[in-house]
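Below are some notes on the model, as numbered points.

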Amino acid sequence: MTPPVIALTVIVLAPILTLMVLRINAALVFLSLCLGDVLVQFVAKDTTEFLTLHADKVTQAVNTGNNNVKLILLLLPVILTAVFMIRTINGSSRLALNLLPAAGVGLLGALLVVPLLPPGLAHNVVGSPLWTQVTRVQDLIVGASALVCLFALWLQRPKAGHSKHGKH
């Protein structure tokens, strides 16, 4: 395997394995990834300008182009959600159901993270034939992942009469 294929494989598989091993609700992490992308689109420019005006030392550490700020904005909601949602998936059937949303997190995460990587690595991954195939099906990845995550969330809702706060 070539280095770009290895890098892309790690970028996709690392979140999947993390979500499954730590039993983290992948549908909520997927939604956090979507939130992170919204933050990148609407807040990154202002955040970079704020850092430039108010903290030269922080800016030098964080702002190499503004991609580092974008990566932080993209991944911070994901990381916080993952930390707060550790061990929220109980039972083997729910864990099995969690695999599809986890795959969505890994694939969408790759689509969003790769363009923000350092220029050399991003160029190598984007230039690989595997990346070309992934970007060809990006609409399918986003759409199917969103539907799977919604379905998983709907299945997790409490059933009527099974409330923890029922009558005593």
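1. Helix α1 (residues 3-21) packs with helix α5 (residues 92-113) at an angle of about 150°, and their axes are 8 Å apart. Axes are lines fitted to C-alpha atoms, for helices over the stretch in contact, and angles run from 0 to 180 degrees between N-to-C directions. The two helices are therefore roughly antiparallel to each other (angles under 35 degrees count as roughly parallel, over 145 as roughly antiparallel, 65 to 115 as roughly perpendicular and the rest as oblique).

2. On the α1 side, this contact is made by Leu8, Ile11, Val12, Pro15, Ile16, Leu19 and Met20; the residues from α5 include Leu95, Asn98, Leu99, Ala102 and Ala103. Contact means heavy atoms within 4.5 Å. By class, the contact of α1 with α5 has 14 nonpolar, 2 polar and no charged residues. Ala, Val, Leu, Ile, Met, Phe, Trp, Tyr, Cys and Pro count as nonpolar, Asp, Glu, Lys and Arg as charged, and the others, Gly among them, as polar.

3. This is a predicted model: local features need pLDDT of at least 70, side-chain atom pairs count only at pLDDT 80 or more, and totals for chains, interfaces and linings use all residues. Residues are numbered from 1 along each chain as its sequence is written, and side-chain values use heavy atoms, with hydrogens and water left out.

4. α5 also meets helix α8 (residues 138-155): the axes come within 9 Å and cross at roughly 145°. Among the residues of α5 in this contact are Arg94, Leu97, Leu100 and Pro101, while those of α8 include Gln138, Ile141, Val142 and Ser145. The contact of α5 with α8 divides into 12 nonpolar, 3 polar and 1 charged residues.

5. The protein chain has 8 helices and 0 strands (DSSP runs, numbered from the N terminus: helices are H or I of at least four residues, strands E of at least two). Of the contacts in the protein chain with a separation of 6 or more, 81% are between residues 24 or more positions apart.

6. Of the 168 residues in the protein chain, 35% are buried. Buried means under 20% relative accessible area, exposed over 50%, and partly exposed in between (1.4 Å probe, protein chains only).

7. Serine 32 is found in helix α2 (residues 26-54). Serine 32 counts as buried because its relative accessibility is 8%. Leaving aside neighbours within four places in sequence, serine 32 is in contact with Pro77, Val78 and Thr81.
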